[in-house]
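The sequence and the coordinates are shown first.

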Amino acid sequence: MPDVLIKLAALPWARRRQRLTLAFEEVVVSLVQEMPIRAVSRRVGEHDTRLWRVVNHYMD
């Protein structure tokens, strides 16, 4: 089996080592201002723990 080379590229729309894009995080933050995090979690299909990390990042 040949060696595999994996390259990582920096993307302008994503924070480093994050699975979510900045645009998605912006949507989450705006929704959290209007409804509980559990409701946002169900609406966007992400676990509430991940959403809390997003919210806490922008609240610091």
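This is a predicted model: local features need pLDDT of at least 70, side-chain atom pairs count only at pLDDT 80 or more; totals for chains, interfaces and linings use all residues.

Glu46 sits in the loop between H2 and H3. In the stretch just after H2, Gly45 has a positive phi of about 75°.

Which residues are in contact with Glu46, once its neighbours within four places in sequence are left aside? They are Arg19, Leu20, Phe24, Ser41 and Leu51. Of these, Ser41 is one of the buried residues of H2, and Leu51 is one of the buried residues of H3.

## Salt bridges

How many salt bridges does a search of the whole structure find? The search finds two. One of them joins the side chains of Arg50 and Glu46, with an N to O distance of 3.1 Å. The two side chains also make a polar contact, at 3.1 Å. Arg50 has 28% relative accessibility and so counts as partly exposed, whereas Glu46, at 14%, is buried.

Another salt bridge pairs Asp48 with Arg38, and the closest N and O atoms are 3.9 Å apart. This pair links distant parts of the chain: Asp48 belongs to helix H3 and Arg38 to helix H2, ten residues apart. Asp48 counts as buried because its relative accessibility is 15%. Side chains of opposite charge can pair when their charged atoms come close.

## Helix H3

Helix H3 covers residues 48–59, twelve residues in all. From its first C-alpha to its last it reaches 16 Å, close to the 16 Å expected at 1.5 Å a residue. The buried residues of H3 are Asp48, Leu51, Val54 and Val55. Viewed down the axis of H3, these residues fall within an arc of 115°, so they line one face of the helix. An α-helix has 3.6 residues a turn, so residues three or four places apart point the same way. The cover over the buried residues of H3 includes helix H1 (22–32) and helix H2 (37–44).

Trp52 is also in helix H3. Is this residue buried or partly exposed? Trp52 counts as partly exposed because its relative accessibility is 41%. Between the C-alpha atoms of Trp52 and Leu8, which are 44 residues apart along the chain, the separation is 26 Å.

In H1 the buried residues are Glu25, Val28 and Leu31. Their arc around the axis is only 125°, which puts them on the same side of H1. Ala23 and Glu26, on the other side of H1, are exposed. The buried residues of H1 pack against H2 and H3.

In H2 the buried residues are Ile37, Val40 and Ser41. Seen down the axis of H2, they fall within an arc of 105°, so they line one face of this helix. H1 and H3 are among the elements that cover them. Leaving aside neighbours within four places in sequence, Ile37 is in contact with Val32, Leu51, Trp52 and Val55.

## The nonpolar core

Which residues make up the largest nonpolar core? There are eight: Leu20, Val28, Leu31, Ile37, Val40, Leu51, Val54 and Val55. H1, H2 and H3 are the elements that give two or more residues to this core. The largest share, three residues, comes from H3. In soluble globular proteins, nonpolar side chains tend to be buried together.

Leu20 and Leu51 are among the residues in contact with Glu46, and Leu51 and Val55 are among the contacts of Ile37. The buried face of H3 includes Asp48 as well as Leu51, Val54 and Val55, and Asp48 forms its salt bridge with Arg38.

Technical notes: Residues are numbered from 1 along each chain as its sequence is written. Side-chain values use heavy atoms; hydrogens and water are left out. Helices (H or I, at least four residues) and strands (E, at least two) are DSSP runs, numbered from the N terminus. The expected span of a helix is 1.5 Å times one less than its number of residues. Buried means under 20% relative accessible area, exposed over 50%, partly exposed in between (1.4 Å probe, protein chains only). The arc is that of the directions from the helix axis to the C-beta atoms. Contact means heavy atoms within 4.5 Å. A salt bridge is a side-chain nitrogen of Lys or Arg within 4 Å of a carboxyl oxygen of Asp or Glu. A polar contact is a pair of N or O atoms within 3.5 Å; within protein, one must be able to donate a hydrogen and the other to accept it, and residues adjacent in sequence count only if both atoms are side-chain atoms. A nonpolar core is a set of buried Ala, Val, Leu, Ile, Met, Phe, Trp, Tyr and Cys residues joined through side-chain atoms within 4.5 Å.
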